[in-house]
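Please look over the sequence and the 3D structure below. The paragraphs that follow go through a few parts of the chain in turn.

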Amino acid sequence: MTLAIHGGPRGIPDRLRLYKSIGDDEVAAAYAVLESGSLSRFVGSPGEGFWGGPQVRAFEEEWADRFEVRSAIAVNSWTSGLECAVAALQLDPGDEVITSPWTMSGTVAAIVHAGAVPVFADVDHQYFSLNPIAVEAVITPRTRAILAVDIFGQAADSAALKAICHRHGLHLLHDAAQSPGVRSELGWTGCSGDIGGFSLNYHKHIHTGEGGMLVTDSSDFALKLAMLRNHGENLVAHFGRPDLSTLVGHNFRLGEIEAAIGRVQLRRMNELVESRIIVAEGLRKMLKELPGVSIAPVRPGCQHAYYVLGLTLDHSLWPIRDAIVSALAAEGFDAVLAGYQNLHQLPIFSTGQYRQAYPWIIRDNLAEDLYHPRNFPIADELHRHSFIGIETCAFELEEADVLRVGHAFEKVWEHLDDLSPVSF
Ligand SMILES: *Cc1c(COP(=O)(O)O)cnc(C)c1O
């Protein structure tokens with residue numbers, strides 16, 4: 001059969017259905033809040049309203065129970081949550097936070113917004129997440145924290161990163177946006193650092209449209225996070241915390257409708273995450289015999305939430321990754337990523353223009369010293385040549401779809417010699 005990209009019939013004729021996690025119970029919960037007329041109860045001043053309405057507070061309590069943490073603080077997005085998490089560390093301008101170049105840009109934007117300098121460390125080739133050895137190599141006297149990321153739903157190497165934090169007196173923050181409800185060797189992933197959290201954006205495993213949840217075992221961080229969420233500068237005197245007089249809050253509050261939907265989604269989290277694991281395991285079986293392809297293993301002692309199933313192509317065998325991905329898309333499978341973001345290459349870092357602005361002005365040569373691709377050989381190689389990601393959370397792949405996708409891969413693999421290199 002001729003490849004679709006060369007005019008043959010498509011291997012997957014019908015469009016794949018998008019993943020949908022919202023059901024009747026979510027609709028009923030949202031409707032009940034609407035009927036109550038009370039869509040938010042937040043007030044940015046002392047009093048009960050500082051902590052939000054009944055749905056927000058119940059959602060937080062249920063989340064903290066479910067994840068076995070002391071406190072959960074709901075926010076209007078996980079980007080907001082990340083900003084609160086970094087701000088809660090009360091860094092000085094020019095302090096450094098180490099994170100992965102392979103994450104969503106919101107992770108690193110939070111560091112920039114705090115006036116700190118993001119320092120990237122290379123990822124490892126199997127799990128695509130921070131390599132602890134590379135992390136330790138970029139620690140300086142200005143390093144204050146490590147921001148771990150469970151990229152693609154694979155748990156970060158929390159145990160190793162936590163040990164590094166202990167050795168060097170650093171904070172550990174954890175971006176578990178893509179891995180809700182899965183365990184690492186330290187317990188629920190996202191919950192073993194100083195502050196962690198989850199995204200409730202509509203393309204994540206469970207969602208409220210937009211939203212996020214912070215978690216911490218520290219009552220001090222919990223208070224700071226609540227203040228950062230909700231005009232905290234108004235409450236410094238009320239809480240008797242002159243040490244927080246430099247804290248400036250935001251309005252990052254979650255609405256009551258979203259919280260009510262989130263409570264239902266939280267109850268269904270096991271089933272929803274499990275549905276992604278089933279899809280990914282089906283694909284694993286279909287793709288395991290493809291020559292020149294390695295499927296990312298699951299980190300030992302951990303579970304994988306499969307936001308994305310990562311593959312690596314043997315580039316020396318098949319130096320045509322982008323042509324393969326185009327051929328798969330033409331077959332009807334466009335849930336495939338050719339490479340991923342290398343955040344050190346975002347213009348704000350790579351052009352050096354940021355040096356004209358605070359806080360960058362205080363450091364010379366950041367682009368050359370910190371953000372040059374030569375510092376990240378693994379991330380760079382994966383991004384340019386060998387990484388293929390299958391978006392296992394974005395599509396509702398039934399068993400028959402998984403078979404079709406597997407056959408589409410086989411078809412493309414039978415014709416690899418007909419594909420010529422392309423570059424985007
Ligand atoms: C989705 C995501 C974010 C941002 O979360 P929002 O809720 O969309 O703001 C941050 N980090 C990672 C790794 C993500 O996947």
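At what angle do helix 10 and helix 14 pack, and how far apart are their axes? Helix 10 (residues 321–330) and helix 14 (residues 399–414) pack at an angle of about 130 degrees, and their axes are 10 Å apart. This is a predicted model, in which local features need pLDDT of at least 70 and side-chain atom pairs count only at pLDDT 80 or more, while totals for chains, interfaces and linings use all residues. Residues are numbered from 1 along each chain as its sequence is written, and side-chain values use heavy atoms, with hydrogens and water left out.

Helices (H or I, at least four residues) and strands (E, at least two) are DSSP runs, numbered from the N terminus. Axes are lines fitted to C-alpha atoms, for helices over the stretch in contact, and angles run from 0 to 180 degrees between N-to-C directions. Angles under 35 degrees count as roughly parallel, over 145 as roughly antiparallel, 65 to 115 as roughly perpendicular and the rest as oblique. Helix 10 and helix 14 are therefore oblique to each other. In this pair, Ile324, Ala327 and Leu328 of helix 10 meet Ala408, Phe409, Val412 and Trp413 of helix 14, where contact means heavy atoms within 4.5 Å. By class, this contact has seven nonpolar, no polar and no charged residues; Ala, Val, Leu, Ile, Met, Phe, Trp, Tyr, Cys and Pro count as nonpolar, Asp, Glu, Lys and Arg as charged, and the others, Gly among them, as polar.

Helix 10 is mostly covered, with seven of its ten residues buried. Buried means under 20% relative accessible area, exposed over 50% and partly exposed in between (1.4 Å probe, protein chains only). The buried residues of helix 10 are Arg321, Asp322, Ala323, Ile324, Val325, Ala327 and Leu328. Besides helix 14, they pack against strand 11 (309–313), strand 12 (336–338), helix 13 and strand 13 (387–390). After helix 10 comes Gly332, with a positive phi near 110 degrees.

Gly115 follows helix 4 and has a positive phi near 80 degrees.

Strand 4 contains Thr143, which is buried at a relative accessible area of 4%. The C-alpha atoms of Thr143 and Val97 are separated by 5.9 Å, although the two residues are 46 residues apart along the chain. Leaving aside residues up to four places away in sequence, Thr143 touches Glu96, Ile98, Val138 and Leu170.

Next come the aromatic rings. A search of the whole structure finds 22 aromatic pairs; rings of Phe, Tyr and Trp (its six-membered ring) pair if their centres lie within 6.5 Å, and planes under 30 degrees apart count as stacked, over 60 as edge-to-face and the rest as tilted. Phe59 and Trp63 form an edge-to-face pair, 5.7 Å centre to centre with 80 degrees between the planes. Both lie in helix 2 (residues 54–67), four residues apart, about one turn of the helix. Phe59 is buried, with a relative accessible area of 0%, and Trp63 is buried, also with 0%. Ring pairs link Phe59, Trp63, Phe67, Trp188 and Phe198 into a cluster.
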